[in-house]
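Please keep the sequence and the model at hand while reading.

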Amino acid sequence: MKVIIIGGVAGGASCAARLRRLDEAAEIIMVERGPYVSYANCGLPYHVGGVIPEEAQLLVASEAVFREQFAVDARTSCEAIAISPQRKILDLKNLKTGKITTESYDKLVLSPGAPSIRPELPGIDLPGIFHVRTVPDARQIREWLEKGTQFLSGMDRYSGFQTIRPKTRAVVVGGGFIGLEMAENLVHRDFEVTLIERGDQVLNPIDPEMAHIVEGYLERHGVRVELEDEVAEFKQTESGAIDIVTRSGSTYPADIVVLGLGVRPDTALAKMAGLEIGERGGIRVDDRMRTSEPDIFAVGDAVEVKDFVTGQWSLVALAGPANRQGRIAADVIAGRDSRFRGTQGTAIIGLFGGTAAWTGAGEKALARMGDQDFEKIYLYPNSHAGYYPGAKPIAMKVLFRKSDGRLLGAQALGEDGVDKRISALAALIQMGATVYDLEESELCYAPQFGSAKDPVNFAGMVAADVLRGDMPISHWTSMEGGVLLDVREPIELAVEQVPGVLNIPLGQLRARLDELPRDQEIHVICRSGQRAYYATRLLMQAGFKVRNVSGGMLSRTQASFFLQDEIGMERQP
Ligand SMILES: Cc1cc2nc3c(=O)[nH]c(=O)nc-3n(C[C@H](O)[C@H](O)[C@H](O)COP(=O)(O)OP(=O)(O)OC[C@H]3O[C@@H](n4cnc5c(N)ncnc54)[C@H](O)[C@@H]3O)c2cc1C
């Protein structure tokens, strides 16, 4: 059997290596247009920032390793330029010599990835404007940063003064995870960084009130975040810098511009071969990674797959799914019955020591689908036992089905322990877990790692309390009428309070029940929701109509993202 794989990085390389492990007899050719196979594009921003100092550290396995260890005929600088599915042949172009050869195949795997979006804006090709996808892209950025601009170049011949003005200002266009990672790394390289994002939030997959925390965090670490603005053109200035002119009329001068505008599935060859393209613009595949042509498989960023939670077609440009799909394609080619379960978009980003991670469906996505059978909770547990030094709060939002408690999605932000909570929740979502399963999950615990009630258990307990009717909740964004009762201590209210709130500290509540109305709903708040929960239970048993405002004052800060217009709240950093 002769198998040709197009694309030699995440999906392609894992397919080639797996196939060899399953079939010693197969003839495997892996072609890669670029100069390297199997490199770590996820590490590129950190190479630019200097965290990964050597380019060679990004090269996971070389062409030679594929040839020697896996007997894979790996060919770099080799581009597949045409496919004929009827004749089962394809044309390959050697990019060094220009020579075109034709190869036949029994099975073909496409893993061409998704190139960065580069809109046709005036000035987009000016020197100093980069995107980050490949090792050569990162090399070019590093060289640009290190060389300085050509400002006043030549003057040194006359004056002897330093004539190369150092580069100090960077503009990152696009607030997705690559844009944010580049922003952080440019700050580490002492740049003043401005991030311009067209939407009203960064990190589009998470919900805006969670993204709002990320934006505040970025600002606190020196990134100027400009939302709801869009680049109109790039202009060269006399000093050799670039002016980024936006639709709102603002101008941002920069010495370097990095584009992080997202990616688009590379479907050029697939279209040429007449393969079915899906509604989201990716190559349509089934759960065995087969395209509409039975002997052609496709994997990775170029394909469109089913979202495991929503059941909708989705494009997910992430390394995990690409690697798993490459492996599944190899399994199926080798005659095994492997199937891709779908994606849930589980992702994570580290920023200035903080972490944002998410999995499954967010509220925005569910609302867009018109789904109303879900509830959300906000909670702020410590990353580990509060009495052990170094515990940090985690801001969590968890979404679940109202009808059966099925876990739908989770988003978490914090400076410690975010990754393991979202990873645990992601695995549970894939197993179809309910919030009741979270209550019962047995997770590892010692004080420096977690709590006897881990944040994952805690999320399950809170959500299950809601579903069992033990703790009715309300949200700042949808509260209608009633009385707001704050059960914090007066000293806490002195720092921050909601105007007009009734304050009865939790410790006095039993003795002061007669101050509360029995004919209105009481919405109880505290700092994060814990004391309000105790108060809710107490008041419910005393016959009051009561709800705990999920997440308390902490979620109000986030809710201010929505509420600022309605109730005149300041948007808080
Ligand atoms: C800067 C950056 C940071 C990232 N960070 C993360 C992260 O932290 N976590 C995460 O999960 N994901 C991350 N990703 C995404 C992840 O790298 C991709 O999802 C993954 O690499 C996709 O694998 P793929 O095989 O589909 O495509 P790629 O890895 O992009 O490989 C496709 C290859 O195919 C080659 N090719 C295309 N057409 C042809 C042709 N006709 N002939 C020959 N070769 C061809 C291309 O040159 C390319 O090298 C990051 C991506 C980038 C760019």
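Ala71 lies in the loop between α3 (63-70) and β3 (73-75), where helices (H or I, at least four residues) and strands (E, at least two) are DSSP runs, numbered from the N terminus. Residues are numbered from 1 along each chain as its sequence is written. The model is a predicted one, in which local features need pLDDT of at least 70 and side-chain atom pairs count only at pLDDT 80 or more, while totals for chains, interfaces and linings use all residues. Phi of Ala71 is near 50°, a positive value in a residue other than glycine. Ala71 is exposed, because 12 other C-beta atoms lie within 10 Å; by the rule applied here, a residue is buried if 20 or more other C-beta atoms lie within 10 Å of its own, exposed if 12 or fewer, and partly exposed in between, with C-beta atoms placed from the backbone.

Glu228, which is not a glycine, has a positive phi of about 50°, and it is placed in the loop between β11 (223-226) and β12 (231-236). With 13 C-beta neighbours inside 10 Å, Glu228 counts as partly exposed.

## Domains of the chain

The domain assignment of the protein chain gives domain 1 (2-114 + 264-333), domain 2 (129-259), domain 3 (353-468) and domain 4 (469-573), with bounds that come from an automatic or database domain assignment. The centres of domain 3 and domain 4, taken over C-alpha atoms, are separated by 22 Å. Their contact takes seven residues from domain 3 and ten residues from domain 4, two residues being in contact if their C-beta atoms, placed from the backbone, lie within 7 Å. On the side of domain 3 that touches domain 4, the elements that give two or more residues are β22 (374-379) and α13 (455-468). By class, that side of domain 3 has five nonpolar, no polar and two charged residues, where Ala, Val, Leu, Ile, Met, Phe, Trp, Tyr, Cys and Pro count as nonpolar, Asp, Glu, Lys and Arg as charged, and the others, Gly among them, as polar.

Arg264 lies in the loop between β15 (256-259) and α8 (268-272). Arg264 and Ala114 are 150 residues apart in sequence, yet 5.0 Å apart in space, C-alpha to C-alpha. Not counting residues up to four places away in sequence, Arg264 touches Ala114, Pro115, Ile117 and Gly281. Arg264 is partly exposed, with 17 other C-beta atoms within 10 Å.

## Packing of α1 against α9

Two packed helices are described by the angle between their axes and the distance between the axes. The axes of helix α1 (residues 10-22) and α9 come within 7 Å and cross at roughly 35°; axes are lines fitted to C-alpha atoms, for helices over the stretch in contact, and angles run from 0 to 180 degrees between N-to-C directions. The residues of the contact of α1 with α9 divide into nine nonpolar, six polar and three charged. Among the residues that meet there are Ala10, Ser14 and Leu22 in α1, and Ala319, Arg327 and Ile333 in α9.

Val332 is found in helix α9 (residues 319-333), and it counts as buried because 20 C-beta neighbours lie inside 10 Å. The C-alpha atoms of Val332 and Leu19, 313 residues apart along the chain, are separated by 9.4 Å. Val332 touches Arg288, Met289 and Ser338, not counting residues up to four places away in sequence.

## Surroundings of the ligand

Which residues come nearest to the ligand? Of the 32 residues around the ligand, these are Gly7, Val9, Ala10, Gly113 and Gly300, a residue being near a molecule or strand if its C-beta atom, placed from the backbone, lies within 6 Å of it. The elements that give two or more residues to this shell are α1, α2 (44-48), β4 (78-84) and α9. The shell divides into 17 nonpolar, nine polar and six charged residues, and it draws at least three residues from each of domain 1 and domain 2.

Gly552 is found in helix α16 (residues 552-567) and counts as buried, with 26 C-beta neighbours inside 10 Å. Leaving aside its neighbours within four places in sequence, Gly552 is in contact with Ile525, Cys526, Arg527, Ser528, Gly529 and Ala532.
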